[in-house]
Amino acid sequence: MIHLRKASERGHADHGWLTSWHTFSFANYYDANFLNFSALRVINEDFIEAGQGFGTHPHKDMEILTYVLSGVVEHQDSMGNKEQVPAGEFQIMSAGTGIRHSEYNPSSDHQLHLYQIWIAPDKTGLTPRYEQRRFDDVQSRQLVLSPDARDGSLKVFQDMTLWRWVLKDHETAEYVAEKGRYIWIQVIRGEVAVNGVKATTSDGLVIQNETHLLISTNDDGEILLFDLPPT
């Protein structure tokens, strides 16, 4: 089963300084059909105006991943980290027993565009931690998250993997999942077809009971592929 979650059907919030699109129920947006997907709790696509951002606020017992598409994030947290995360980098935090952090767009004239992704951990009460990484440019598959931090990936406290695929014009690739796994594909840019189901920039694909995925593109594209545990 493959279901297309169209970008236009997501929740939408416009706060002036922040325009946000919510794949799953978030804040004032509620959709009984999209509360979460396996361990995925939040996929927000955010556009943050110059000089604006999220003030210091708390989190607990959540794996929080940020992927910066354009601009720079200025991050500061209660663990003592003060970092800048430029476009192309991933940042992950384990909120664990509790953290406070802020995220700002330090630019005076450029908008910040990012994905914020929350993943429910497989255990609570973790020691908070912070990592960020730029992966080499890839023309195929890059492992971004894994529970054992293998192959240079960032660690996540959940039985899942996250892959970034950069696909060339008219490329076809395959992904084979173990039986019973849940797959979510988020289209970052371009047009793709997964087993014949077409999706475009900012669309999501909900995939269950499919072990063999044939992914093709009509132009250069990029996707995030989440391989998740059954619920």
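The protein has 0 helices and 22 strands; helices (H or I, at least four residues) and strands (E, at least two) are DSSP runs, numbered from the N terminus. This is a predicted model, in which local features need pLDDT of at least 70, side-chain atom pairs count only at pLDDT 80 or more, and totals for chains, interfaces and linings use all residues. Residues are numbered from 1 along each chain as its sequence is written, and side-chain values use heavy atoms, with hydrogens and water left out.

**The whole chain**

Begin with the entire protein in view. Along the principal axes, the C-alpha trace spans about 45 × 40 × 40 Å.

Next, colour the residues by accessibility. Of the 231 residues, 52% count as buried; buried means under 20% relative accessible area, exposed over 50%, and partly exposed in between (1.4 Å probe, protein chains only). A contact means heavy atoms within 4.5 Å. Among contacts between residues at least 6 apart in sequence, 70% join residues at least 24 apart.

**The nonpolar cores**

Select Leu40, Ile117, Leu145, Trp184, Phe226 and Leu228, the residues with the most contacts inside the largest nonpolar core, which has 27 residues. Such a core is a set of buried Ala, Val, Leu, Ile, Met, Phe, Trp, Tyr and Cys residues joined through side-chain atoms within 4.5 Å. Several strands each supply at least two residues of this core, among them β9 (89-94), β11 (112-119), β13 (141-146), β17 (182-189) and β22 (221-228).

Now centre the view on Ile117. Which residues does Ile117 touch, not counting residues up to four places away in sequence? They are Leu40, Val42, Ile43, Glu63, Ile64, Leu65, Leu224 and Phe226. Then select Ile2, Ala173, Ile185 and Ile215, which are included in a second, separate core of 20 residues.

**The loop between β3 and β4**

Move to Thr23, in the loop between β3 and β4. Thr23 is buried, with a relative accessible area of 1%. Leaving out residues up to four places away in sequence, Thr23 touches Arg5, Arg10, Phe34, Ile43, Asn44, Trp184 and Gln186.

Although Ser38 is not a glycine, it has a positive phi of about 55 degrees. Is Ser38 buried or exposed? Ser38 is buried, with a relative accessible area of 13%.

**The loop between β5 and β6**

Finish at Asp61, in the loop between β5 (53-59) and β6 (63-70). Asp61 has a positive phi of about 50 degrees and is not a glycine. Asp61 is partly exposed, with a relative accessible area of 21%.
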